[in-house]
Amino acid sequence: MSTRGVVYVHSSPSAVCPHVEWAISGTLGVRANLQWTAQPAAQGQLRAECGWTGDAGTGGKLMGALKAWPMVRFEVTEEPSEGVDGERFCFVPTLGLWRARTSANGDIVVGEDQLRAMATASRAGEAFAHKIDELLGASWDAALEPYRRAGDGAPVTWLHRVG
């Protein structure tokens with residue numbers, strides 16, 4: 001079952017960039033030759049994007065490979081495929097990893113069990129609102145937004161898994 005997605009490397013030290021490319025290449029089984037550009041939101045850091053195609057679950061594998069460098073800010077998306085929800089992964093060094101399922105239009109999907117647990121643990125209004133923000137990745141979005149805006153109009157490289 002094939003799907004596609006995008007890896008957004010929002011910021012990486014230049015010395016780590018080859019390692020990021022090797023991690024993506026090793027996961028996809030195709031050479032990643034990313035177009036690195038300066039990241040205006042973090043002086044001395046570089047950014048790159050690449051689209052990918054592969055089997056369902058490849059987004060999680062890419063996230064696992066990139067998480068080996070805790071100084072790199074990144075997002076990985078995987079579109080839904082037949083019978084499989086999409087996923088979105090965000091990593092920010094100060095916050096760690098956030099993961100969510102996504103619908104066909106890209107909205108975050110919150111499951112019934114997540115809602116039940118949230119309702120049980122958070123009866124007060126403010127605590128409930130905090131839990132919703134947590135489920136939707138609000139802190140990660142806030143931390144990554146300056147890096148996303150700095151990448152508007154940046155080139156995207158498409159990688160296609162072979163075999």
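Helices and strands here are DSSP runs, with helices (H or I) at least four residues long and strands (E) at least two, numbered from the N terminus. This is a predicted model, so to speak of local features a pLDDT of at least 70 is needed, and side-chain atom pairs count only at pLDDT 80 or more, while totals for chains, interfaces and linings use all residues. Residues are numbered from 1 along each chain as its sequence is written, and side-chain values use heavy atoms, with hydrogens and water left out.

**View 1. Thr3 in strand β1.**
Start with Thr3, which sits in strand β1 (residues 2-13). Is Thr3 buried or exposed? Thr3 counts as buried, because its relative accessibility is 7%; buried means under 20% relative accessible area, exposed over 50%, and partly exposed in between (1.4 Å probe, protein chains only). The Thr3 side chain reaches over to the backbone oxygen of Glu79, at 2.7 Å. A contact here is heavy atoms within 4.5 Å.

**View 2. The Phe74 and Phe91 rings.**
Rings of Phe, Tyr and Trp (its six-membered ring) pair if their centres lie within 6.5 Å; planes under 30 degrees apart count as stacked, over 60 as edge-to-face, and the rest as tilted. That rule gives 1 aromatic pair. It is formed by Phe74 and Phe91, which are stacked, with 5.5 Å from centre to centre and 15° between the planes. Phe74 belongs to strand β4 (residues 73-78) and Phe91 to strand β5 (residues 86-92), so the pair ties together parts 17 residues apart in sequence. Phe74 is buried, at 0% relative accessible area, and Phe91 counts as buried too, at 7%.

**View 3. Ala104 in a loop.**
Now for a residue in the loop between β6 (96-102) and β7 (108-109): Ala104. With 77% relative accessibility, Ala104 counts as exposed. What separates the C-alpha atoms of Ala104 and Gly86? The gap is 7.3 Å, and the two residues are 18 apart along the chain.

**View 4. Gln114 in helix α3.**
Gln114 is part of helix α3 (residues 112-121). Gln114 is partly exposed, at 36% relative accessible area. Setting aside neighbours within four places in sequence, Gln114 is in contact with Val109 and Leu135. From the C-alpha atom of Gln114 to that of Ala150, 36 residues apart along the chain, the separation is 33 Å.

**View 5. Helix α4 and what follows.**
Helix α4 (residues 125-136) has 12 residues and reaches 17 Å from its first C-alpha to its last. That is close to the 16 Å expected at 1.5 Å a residue, where the expected span is 1.5 Å times one less than the number of residues. After α4 comes Gly137, whose phi is positive, near 75°.

**View 6. Stepping back to the chain.**
How many helices and strands are there in the chain? The chain has 5 helices and 8 strands, and along the sequence they follow the pattern β-α-β-β-α-β-β-β-β-α-α-α-β. Its C-alpha trace spans about 50 × 40 × 25 Å along the principal axes. Of the 163 residues, 39% count as buried. Among contacts between residues at least 6 apart in sequence, 63% join residues at least 24 apart.

Note on methods
Polar contact = N/O pair within 3.5 Å; in protein donor to acceptor, adjacent residues only side chain to side chain.
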